[in-house]
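I opened my notebook for a friendly look at how the pieces of this model pack.

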There are 2 protein chains.
Amino acid sequence: MDQQFTMTDDILKRNKLSVTDGRKKILGLFLARDGALAHADIEKFTGEMFDRVTVYRTLQTFVEKGIVHLIPTTDNSILYALCKENCEEGHHHDNHVHFICDVCTKTICLDDVTIPKVKLPKGFTPNHSEMMVNGVCSDCK
Amino acid sequence: MDQQFTMTDDILKRNKLSVTDGRKKILGLFLARDGALAHADIEKFTGEMFDRVTVYRTLQTFVEKGIVHLIPTTDNSILYALCKENCEEGHHHDNHVHFICDVCTKTICLDDVTIPKVKLPKGFTPNHSEMMVNGVCSDCK
DNA sequence: ACTAAATTTGCAATAATGTTGCAACTTTTA
DNA sequence: TAAAAGTTGCAACATTATTGCAAATTTAGT
């Protein structure tokens, strides 16, 4: 836990962000979890600790700094995730598949599974890809 | 347009839905477009014609019946799309890539581009996949 | 074509979610 | 340790989504 204190501080400092309780706590939640989190999840965990607005702004800041990345969803929620491997470097979060478990509903970054390229129709130029697979994760197997 | 009248009617009847003005209009919007639509888009097109609630319920009904399918997004909106090929059969909408144009922001179903399979880590069982590519579409090229 | 049954719609109320400006407070810098 | 920079919480507001219910519309049976 002392370990994690300095880990959150380091990540924040590396990204030139002031080290505040809210940011440490929220970053800690991501570090303590393998899955992705939605705004609502974070509110649940932090309770009355911080204002809703602070949570919104913290998540937005983390996205801007590349500390967390967005995961597409089909319900209208925004999912945020910290990548296992690369978050400490703060870049290149982009090429992995996301897995959504149908049992525990967690969303997990499969950092080692690269999104394959596809052949697009004439006239289409690709720039970036996202891929999500759902099914049963290794914990729920 | 007479053509399209009966087309919407047919799709609705095939799915055992009452043929109403709202459903015909909204289905017509999808048929008239290549791209996907969000609730907000539909409201823009229909104006004061129908209640917001009706639009919500219509879209939900269409999803349940498999007339339209959902497309994942990273902002918190829900995108709905009718597939070019398969919608008349009302099933198997599931295996194609979605393309989001960075210029016109339209989301397009690439019905002919199949989502490739990926090798998952040990313990993960796949069930269904989604893939989105963004870049520049053939119209904006 | 007419009526009863089934379905759908609109309204009103309510809930949930997200945004903005600003003053007070905290963190950083030097 | 004080000034500057950055962050937070509050309040107000805006947007988006959901529910129950009565009125209206559509469908099915005759």
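My entries on the chain contact and the helix packing follow.

**Ground rules.** I am working with a predicted model, where local features need pLDDT of at least 70, side-chain atom pairs count only at pLDDT 80 or more, and totals for chains, interfaces and linings use all residues. Residues are numbered from 1 along each chain as its sequence is written, chains are lettered from A and ligands numbered from 1 in the order in which they are written, and side-chain values use heavy atoms, with hydrogens and water left out.

**Entry one: chain A against chain B.** I looked up the buried area (accessible area, 1.4 Å probe, that two parts lose on being put together, summed over both). Chain A and chain B bury about 3100 Å² between them, and 66% of that lies on carbon and sulfur atoms. For contact (heavy atoms within 4.5 Å), I noted 39 residues from chain A and 39 residues from chain B. How many salt bridges are there between chain A and chain B? The count is zero, taking a salt bridge as a side-chain nitrogen of Lys or Arg within 4 Å of a carboxyl oxygen of Asp or Glu.

**Entry two: α3 and α4 in chain A.** Helices here are DSSP runs (H or I, at least four residues), numbered from the N terminus. Helix α3 (residues 39–46) of chain A packs against helix α4 (residues 52–65) of chain A at about 130°, with the axes 10 Å apart. Axes are lines fitted to C-alpha atoms over the stretch in contact, and angles run from 0 to 180 degrees between N-to-C directions. α3(A) and α4(A) are therefore oblique to each other; angles under 35 degrees count as roughly parallel, over 145 as roughly antiparallel, 65 to 115 as roughly perpendicular and the rest as oblique. I found His39(A), Ile42(A) and Glu43(A) of α3(A) meeting Arg52(A), Val55(A), Tyr56(A) and Leu59(A) of α4(A).

Helix α2 (residues 21–31) of chain B and helix α3 (residues 39–46) of chain B pack at about 110°, axes 11 Å apart. α2(B) and α3(B) are therefore roughly perpendicular. Lys25(B), Ile26(B), Leu29(B) and Phe30(B) of α2(B) meet Ile42(B), Phe45(B) and Thr46(B) of α3(B).

The axes of α3(B) and helix α4 (residues 52–65) of chain B come within 10 Å and cross at roughly 130°. That makes α3(B) oblique to α4(B). I listed His39(B), Ile42(B) and Glu43(B) meeting Arg52(B), Val55(B), Tyr56(B) and Leu59(B).
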